[in-house]
Each structure stands twice: as C-alpha cells, then as structure tokens.
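These notes follow a reading of the two-chain model and are set out as numbered points.

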Amino acid sequence: MKMAGDGEKLITYALGSCIGICLYEPQRKLAALIHIMLPLNMETGRKNAYKYADTGIRTTLREMEMKGACRAAINAKIAGGARMFEVSGGSLGNIGQRNSESVHQILRMEKIRLLWEDVGGTIARTMEFDSATGNGTIRSYGHPEVKF
Amino acid sequence: MDIKNYEDLSGLEIDTLKEIGSIGTGNAATALSQLIGKEVRITLPEVRIMGYNEAIEWIGGPEAITAGVLSQLGGEINGIMLSVQQMDFINLVLSNVLGRSVTDFIQLQEMQISTLVEVGNIMISTFINALSGLADISIKLTVPAFAVDMQGAILTVPMAAYGGQSDYIMTIGGNFICDNRQVPCRLLLSPDIRSLNFLLRKLGVMDE
C-alpha cells in the first residue's frame with residue numbers, strides 16, 4: 001500500500017489477477033493505492049495485511065483516517081482481476097473473479113462508494129493514480145490507454 | 001519435522017532442490033536440442049528460493065512483455081510450473097523450427113504459438129520427469145496454457161495460487177548455449193507446502 005498527497009502520483013505495475021484499489025478523499029486530496037493478491041486473509045499471524053482484499057482495505061481506511069481523511073468522503077476506483085491463463089478446472093482460473101467479488105463486498109460493507117471499475121478480462125494492467133485530481137490511467141499491452 | 005513455509009528449508013534441503021533443478025534443466029536442454037536439431041548446452045543452473053519482488057526483478061521487471069507456458073501438477077504432488085519465454089528464447093526456437101523469427105510478441109500467430117506451447121510443454125515435462133524419477137513419485141501434468149503479457153502478471157499466477165501459504169517461489173535459471181549464443185532459460189516451480197514436505201521426505205533429506 002502506498003499513500004500520497006500534495007499532487008503526488010501513485011503507480012502499481014502489472015495487475016493480473018490482483019486488483020489495484022485507489023481510495024481517495026477529495027477534500028484533503030489524500031490518495032491511497034492498494035495492490036491486493038488474494039480475496040481473504042486467513043493467515044494465522046496476519047502479517048501481510050495489504051496482500052488481501054479484506055484486511056488491505058480496512059487497514060488502509062484506518063490509516064487514511066489517521067491522516068485526517070473524512071471517512072464518509074472516501075471513494076474508490078478499482079482495476080484488475082483478470083484471468084491470465086485459460087486453465088480448465090480447479091480454482092486457479094478464477095482467482096481474479098474471487099478477488100473482484102471480495103473487493104466489492106468489502107467496499108459495500110465499509111460503505112465506500114465505488115466510482116469506477118475496469119475488472120475481469122484476460123489482460124494485465126498497470127495503474128497510475130494522481131492524488132491531485134483523483135483520476136488516473138490504465139496501461140495494457142496491445143490495448144489503448146484508458147483514463148479514469 | 002515438517003516445514004511450514006519456504007523460509008524454514010535447511011541448507012541440505014535447498015541443496016537437494018538445487019540438484020533437482022540441475023538435472024531437470026539438463027534434461028530440458030537435451031529435449032530442446034532434439035526439437036531444434038542443433039546442439040544445445042546449458043550453463044550450470046542457479047536454483048533459488050525467492051520472494052515475489054525479487055523474482056520479478058530476476059526475470060527483468062514487472063512491465064516487460066513475455067510469453068508464459070503454465071502447467072498444473074497433480075497426482076502425488078500439487079503445484080504449478082511455469083516456463084517464461086523471453087524474446088531471445090522465442091526466436092531461438094522459431095528460427096530453428098519454423099525458419100522465421102519475430103520482432104514483437106504481437107506478431108505471434110497460431111502456428112508460432114502452438115510451437116512455443118509445445119516447447120514449453122516439453123521443457124516442463126522433462127523437468128518433471130526428472131523430478132518424479134529421482135523422488136520415485138508419480139506426477140501428472142495438465143494440458144499447458146499459454147499467455148503473452150506483462151511478466152509481473154504472469155508471475156503472480158503461481159504466487160497467488162499458493163499465496164496464502166508462502167510468499168516464496170522456486171526459480172530455476174540457466175543459459176542455453178546454442179550457435180555460440182547464450183539464451184536465458186527461466187523456469188519457475190511452485191509446489192504447495194504439503195507437497196514440498198512430501199517431496200523432501202521421499203528424497204530422504206528431511207529430518208524425521
């Protein structure tokens with residue numbers, strides 16, 4: 001997880017089945033970018049909170065509040081959750097989808113508005129997020145850049 | 001004593017995994033040589049256990065484009081094996097098998113892709129055959145899947161599959177030498193922890 005203000009930009013590279021979650025508080029122009037890999041934290045020690053959708057989002061929200069963000073004003077934009085390989089059977093193929101479902105559910109439970117999403121498909125995405133505007137871009141191989 | 005994640009591996013256990021890597025890549029080089037009809041040798045491979053970020057840097061950064069061939073391991077061992085095929089490797093194969101090379105991944109067409117999948121499949125299966133022979137276990141492989149995209153996203157697949165257990169992956173790297181040129185060989189193996197324990201016990205290196 002990376003956090004920025006003062007017009008700084010945040011970037012996370014090559015989201016495949018992972019999901020990039022941009023959390024933004026427009027009044028303070030405080031931005032956070034989380035790169036989650038798995039839907040739910042079932043680690044015993046819970047060491048890597050930011051690796052999972054549930055603990056990643058919740059921990060980041062708390063840290064934003066500690067930096068003075070107003071919880072009710074925070075919104076979200078998300079991208080990723082792709083299926084990189086067409087593999088028949090098993091749980092391997094749908095990790096992206098499970099990540100996406102979990103992120104949606106946690107955002108709903110935490111009452112964070114989801115303003116924009118670009119999830120699913122079969123392509124990797126690099127996500128850049130501007131703390132000055134709350135907008136960003138998605139870069140992919142062989143596809144035009146997407147602004148959000 | 002069973003290990004709980006890759007960090008717990010002892011020096012002897014890591015040496016054993018290195019030996020497997022060495023024999024496996026040697027066999028893969030022989031298979032590649034038969035396929036392209038030229039002598040292919042391999043430098044002494046380096047087998048390491050790496051964290052995700054280290055592994056990404058090792059293959060050249062998250063955004064570089066690469067081709068990946070992936071098979072899932074079943075039977076007595078569960079896991080994922082990935083053959084990362086960078087441009088130099090792809091052209092070594094394509095120029096020798098199909099007589100024409102490419103300059104960008106976007107130029108890959110069905111015929112080339114199926115050749116690369118087959119090469120990946122051969123490399124993975126010869127490696128796994130060496131492993132199952134050494135440890136006397138039966139391992140089944142799924143039909144290989146193929147993708148071209150950013151390396152970071154391709155590498156995440158084996159990491160995410162067992163990411164709840166460990167942040168580490170086994171990397172097997174060496175250089176194929178063919179026509180006096182060196183071409184990187186990059187294989188990644190990610191057995192789940194239960195399977196890794198089973199494997200080490202079968203190889204007789206685990207302390208009881």
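This is a predicted model, in which local features need pLDDT of at least 70 and side-chain atom pairs count only at pLDDT 80 or more, whereas totals for chains, interfaces and linings use all residues. Residues are numbered from 1 along each chain as its sequence is written, and chains are lettered from A, with ligands numbered from 1, in the order in which they are written.

1. A residue counts as buried if 20 or more other C-beta atoms, placed from the backbone, lie within 10 Å of its own, as exposed if 12 or fewer do, and as partly exposed in between. In a regular strand the side chains alternate between the two faces of the sheet. Both faces of β4(A) are covered, with A:Leu30, A:Ala32, A:Ile34 and A:Ile36 buried on one side and A:Ala31, A:Leu33 and A:His35 buried on the other.

2. Strand β4(A) is joined by seven bridges to strand β3 of chain A (residues 19-25), the two running antiparallel, and strands are said to pair if DSSP finds at least two bridges between them. In this pairing A:Tyr24 stands opposite A:Ala31. The hairpin of β3(A) and β4(A) has four residues between the strands, and A:Lys29 takes a positive phi near 50° there. Strand β1 of chain A (residues 2-4) also runs antiparallel to β4(A), to which it is joined by three bridges, and the bridge partner of A:Lys2 in β4(A) is A:Leu33.

3. A:Met64 lies in helix α1 of chain A (residues 53-66), and it counts as buried because it has 21 C-beta neighbours inside 10 Å. Leaving aside residues up to four places away in sequence, A:Met64 touches A:Leu23, A:Glu25, A:Leu30, A:Ala32, A:Ala69 and A:Ile74, where contact requires C-beta atoms, placed from the backbone, to lie within 7 Å. The C-alpha atoms of A:Met64 and A:Leu23, which are 41 residues apart along the chain, are separated by 9.0 Å.

4. Helix α1(A) packs against helix α2 of chain A (residues 95-109) at an angle of about 35°, with the axes 9 Å apart; axes are lines fitted to C-alpha atoms, for helices over the stretch in contact, and angles run from 0 to 180 degrees between N-to-C directions. The crossing of α1(A) with α2(A) is right-handed, a term used if the near helix is turned clockwise from the far one by less than a right angle, the anticlockwise case being left-handed. A:Ala53, A:Asp54 and A:Ile57 of α1(A) make the contact with A:Asn99, A:Ser102, A:Val103, A:Ile106 and A:Leu107 of α2(A).

5. A separate point concerns an open sheet of chain A, whose four strands have the order β2-β7-β8-β9 with antiparallel pairing. Its edge strands are β2 (9-15) and β9 (143-147), each of which pairs on one side only, and the twist averages 15° from one strand to the next. Strand β8 of chain A (residues 136-140) is joined to β9(A) by three bridges, and A:Ser140 stands opposite A:His143 in β9(A).

6. In chain B, the axes of helix α3 (residues 87-97) and helix α4 (residues 110-135) come within 10 Å and cross at roughly 115°, which makes α3(B) roughly perpendicular to α4(B). Angles of 65 to 115 degrees count as roughly perpendicular, those under 35 as roughly parallel, those over 145 as roughly antiparallel, and the rest as oblique. Where α3(B) meets α4(B), B:Ile90, B:Val93, B:Leu94 and B:Val97 face B:Gln112, B:Thr115, B:Leu116 and B:Val119 in contact.

7. Helix α1 of chain B (residues 11-36) packs with α4(B) at about 140°, the axes being 8 Å apart, and the two helices are therefore oblique to each other. The crossing of α1(B) with α4(B) is right-handed.

8. Between the chains, 21 residues of chain B are in contact with 21 residues of chain A. On the chain B side, β3 (65-75), β6 (145-150) and α5 (151-161) each give two or more residues, and the largest share, eight residues, comes from α5(B).

Technical notes. Two residues are in contact if their C-beta atoms, placed from the backbone, lie within 7 Å.
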